[in-house]
Amino acid sequence: MAGIILRSFVLLSSFMFSMSNTLHLPTNTEYTANFSHSSLLSVPKNLPLQTTILDLQSNNISILVMSDFSYLLKLKVLNMSHNKLSELDSSIFSLNKELVYLDLSHNLLAVIYGQFIEGIQHLDLSFNHFNSLSMCEVFKNLMHLKYLGLGAATVKKSDLKCFQSWRLQTILLELENLSYYESGSLQILNTLKLQLVLPKKDMDPYFLLYDAVNSAHILELSNLNYATTHIDAESFKNSKVSDITMINVTLSWSNIVKLFQAFWKSSVQFLKVEEMTIMGAIESEYFDYSATLIQEVMFQNVTITDYRFSQADVYTFVSEMNILSLTVTHANVLFMLCPSKPSIFRSLKFPHNALTDDIYQDCSNLANLESLMLAWNKLKKLSKVSSMTTHMISLQNLDVSHNSLQYETGEDCHWPETIVNLDLSENQLTESVFICLPTTVKKLDLHSNQIDHISWEIRQFAALEDLNLASNRLKDLPDCRPFGNLVVMNVAKNSIQTPSPDSLYSCATVKAIQAEHNPFQCNCDIREFVYREKESSARLPKWPESYRCAYPETLKGTLLQDFHISELSCNRSLLIVLIFLTVAILTLSLFCLCKYMDIPWYMKMIWRWTQTKQRTKNKRSTQQNLQQNFAFHAFVSYSEHDSSWVKEFLLPNLEREDGSIQICQHERNFVAGKSIVENIINCIDKSFKSIFVLSPNFIQSEWCHYELYFAQHKVFTENSDDLILILLEPIPKYLIPARYHKLKALMARRTYLEWPKEKGKHRLFWANLRAAITINLVESDDELIT
């Protein structure tokens with residue numbers, strides 16, 4: 001059972017409405033125990049001590065005892081309606097000092113004894129089985145009572161004496177099973193509002209009606225199903241009532257007209273009829289519209305049982321009323337007649353009917369009409385609506401929402417210049433509607449139509465202050481230039497993905513823009529919209545919680561205020577400049593690095609070497625033996641400035657007359673017609689060793705450096721040890737250019753032969769050199785270098 005107990009911060013819906021006008025209970029700290037509709041036979045035990053609202057309605061509880069509620073000292077509201085209580089000792093609530101609301105209606109109560117506590121403000125004992133209302137002793141302490149519901153089979157003046165001194169706000173008197181009523185009894189009651197449920201039995205309600213209209217200012221009559229023969233125009237002439245509501249009225253047309261005629265001459269100012277059924281045939285009835293105090297009449301949910309009648313008889317009865325306000329709703333009205341003479345109508349409301357475009361066409365007797373409501377009907381053409389209003393020269397408010405209105409370009413529209421509020425929502429209008437609209441309108445409601453854009457070329461609506469375009473098909477914010485004085489604009493629930501900067505700029509003066517619940521595309525284009533609204537969030541009433549990304553999928557649901565994207569990602573010009581600068585810096589850096597490392601020179605050498613090797617390879621026989629064939633023992637590289645040493649010392653000491661050692665020298669062995677680079681590479685390839693005569697002159701020679709580069713490349717590619725360095729003269733390292741770093745590296749890690757200055761060491765020098773280049777050469781062709 002404890003699982004049924006729920007925390008709540010609102011009053012129970014079953015009785016909240018009845019309390020709203022009489023009681024003002026705090027709801028922020030209330031604890032509600034709800035056991036309604038639980039088939040209980042008794043009040044649950046051990047309820048939480050902090051319970052303030054206890055709902056036990058619609059159960060099978062037949063007995064209440066003091067222990068049921070004595071421990072609930074904070075109880076304020078108790079609903080015991082729709083149970084099976086037959087008697088009640090009101091003293092069981094003596095310890096519930098904070099109890100203000102007690103509903104015991106719709107039980108089987110026939111007897112109540114004891115006395116209710118004085119704090120109760122709302123007490124409902126209606127729809128029980130009381131025979132009489134002689135319960136004054138029970139109500140003796142109810143000095144704060146505001147609402148009282150009672151019911152009995154007999155009503156006498158003596159039973160109501162105790163209520164004469166009270167000033168109640170509302171009394172509900174349920175007399176469904178009334179068997180006796182003493183005339184004048186109701187007039188004893190002292191209440192602002194009287195809710196009277198009339199008898200179901202076939203009895204003349206005249207005396208009840210007469211006393212009712214003289215007992216309270218506000219009267220609500222239910223179950224008016226039987227006619228009275230006594231009512232005439234003088235019956236209620238000096239009555240007290242000013243506001244009458246009749247609910248569940250089932251009478252003939254003749255009796256309805258008589259009842260209205262009686263109220264027409266009374267003190268009534270407001271007359272409302274709910275759930276009215278007209279029985280039998282409808283015929284023309286005379287009605288005197290003169291000398292009435294009635295200002296407003298409302299008909300809600302009207303049903304006619306016999307449709308074989310002249311509609312003019314009914315419509316004339318309504319249209320000729322000389323009152324300020326008329327409402328007919330849920331009555332299936334097909335047409336409404338124009339008053340036969342100038343009318344004083346200021347407000348006409350005909351929602352939820354079947355009215356068509358023919359209503360009030362060419363009607364010139366509604367010049368005083370200020371407000372017209374035709375929502376939820378069958379209107380189709382906006383141009384016909386405009387022509388309907390042509391003669392309504394005082395019309396300010398027009399509601400034609402929830403119809404099927406359309407406008408086709410070219411149709412004429414003529415509106416009175418007085419219209420300031422126009423509701424065209426829930427129709428089938430497109431952007432062309434702005435051609436037809438009155439330019440004097442201040443508040444325009446076009447939500448839930450088919451508008452996909454608004455052109456700035458439309459007419460100027462200088463007076464427009466409030467524009468509602470919610471739930472349309474807009475893909476961008478409207479251009480606000482035609483609406484120079486716009487204050488509030490609603491574009492919620494459209495198809496706006498990215499508000500354009502132009503639209504934002506044109507709407508800069510609009511104080512409030514409702515743009516929530518649109519499928520925003522979170523990209524670069526929306527940044528300006530987000531930035532503007534962050535700076536002036538007051539413009540967006542539901543910012544930020546109702547503004548979220550819909551696209552892309554990865555950002556779906558993200559608040560717009562939390563969406564961030566860098567300036568670099570969105571600014572194409574900045575991105576291009578940055579890329580250009582980056583490329584320029586990298587290019588410059590690479591250029592400087594290449595210049596420092598002499599990379600262009602090396603690339604040039606690689607290119608030349610590759611070309612030469614390719615040409616040489618193409619000339620070789622595909623059947624060439626894999627064994628390397630050498631034509632020379634050594635290739636000698638030297639500077640021209642050192643040629644005298646080579647010719648006078650090197651060649652004579654290495655080459656023997658017997659021809660056992662062959663030295664390749666460029667002056668005698670380079671083949672004419674071939675490039676220098678090709679000759680160098682061929683000489684190096686055909687020589688067992690490469691001898692380099694190093695001196696300060698050598699490092700000054702460009703070709704010497706080429707020869708050294710190609711020889712070293714052969715060392716690396718063929719994994720050989722073919723280099724012999726002869727240091728003819730000492731070379732300080734600072735004299736070696738930076739681009740000759742390979743030469744520095746070779747001299748640092750490779751052993752070289754140093755030319756001795758002492759002649760005695762020359763023989764050993766030449767012996768070592770000859771030993772280093774000695775090899776048996778194969779027979780070769782006449783042309784040694786190919």
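## Helix H9 and its nonpolar patch

Helix H9 (residues 572-597) supplies five residues, the largest share of the nonpolar patch; helices (H or I, at least four residues) and strands (E, at least two) are DSSP runs numbered from the N terminus. The patch covers about 460 Å² and is made by Leu-568, Leu-574, Leu-575, Leu-578, Ile-579 and Val-583. Of these, Leu-578 lies in helix H9. Patches are made of residues with over 30% relative accessible area and no salt bridge, with nonpolar side chains (Val, Leu, Ile, Met, Phe, Trp, Tyr) joined within 5 Å. Accessible areas come from the Shrake-Rupley method with a 1.4 Å probe, and for residues only the protein chains shown count as cover.

An unreviewed UniProt entry lists residues 574-594 as "transmembrane region"; UniProt positions are given in the numbering used here, feature names are shortened, and annotations may be inferred rather than shown by experiment. Over residues 574-594 the chain is 100% helix and 0% strand, with the end C-alpha atoms 30 Å apart.

## Basis of the model

This is a predicted model, in which local features need pLDDT of at least 70 and side-chain atom pairs count only at pLDDT 80 or more, while totals for chains, interfaces and linings use all residues. Residues are numbered from 1 along each chain as its sequence is written, and side-chain values use heavy atoms, with hydrogens and water left out.

## Salt bridges

The structure holds ten salt bridges, each defined as a side-chain nitrogen of Lys or Arg within 4 Å of a carboxyl oxygen of Asp or Glu. One of them joins the side chains of Lys-193 and Glu-220 (4.0 Å, N to O). Lys-193 belongs to strand E12 (residues 191-197) and Glu-220 to strand E13 (residues 218-224), so the pair ties together parts that are 27 residues apart in sequence.

## Backbone features in loops

Two peptide bonds are described here. The bond from Trp-543 to Pro-544 is cis, with omega near 5°, and Pro-544 is placed in the loop between helix H7 (527-535) and strand E27 (549-551). The bond from Tyr-551 to Pro-552 is also cis, with omega near -5°; Pro-552 lies in the loop between E27 and helix H8 (567-570).

Phe-127 is not a glycine, yet has a positive phi of about 55°. Phe-127 is found in the loop between strand E7 (122-124) and strand E8 (147-151).

Terms used
Patch = residues over 30% accessible without salt bridge, like charges linked within 9 Å, V, L, I, M, F, W, Y side chains within 5 Å.
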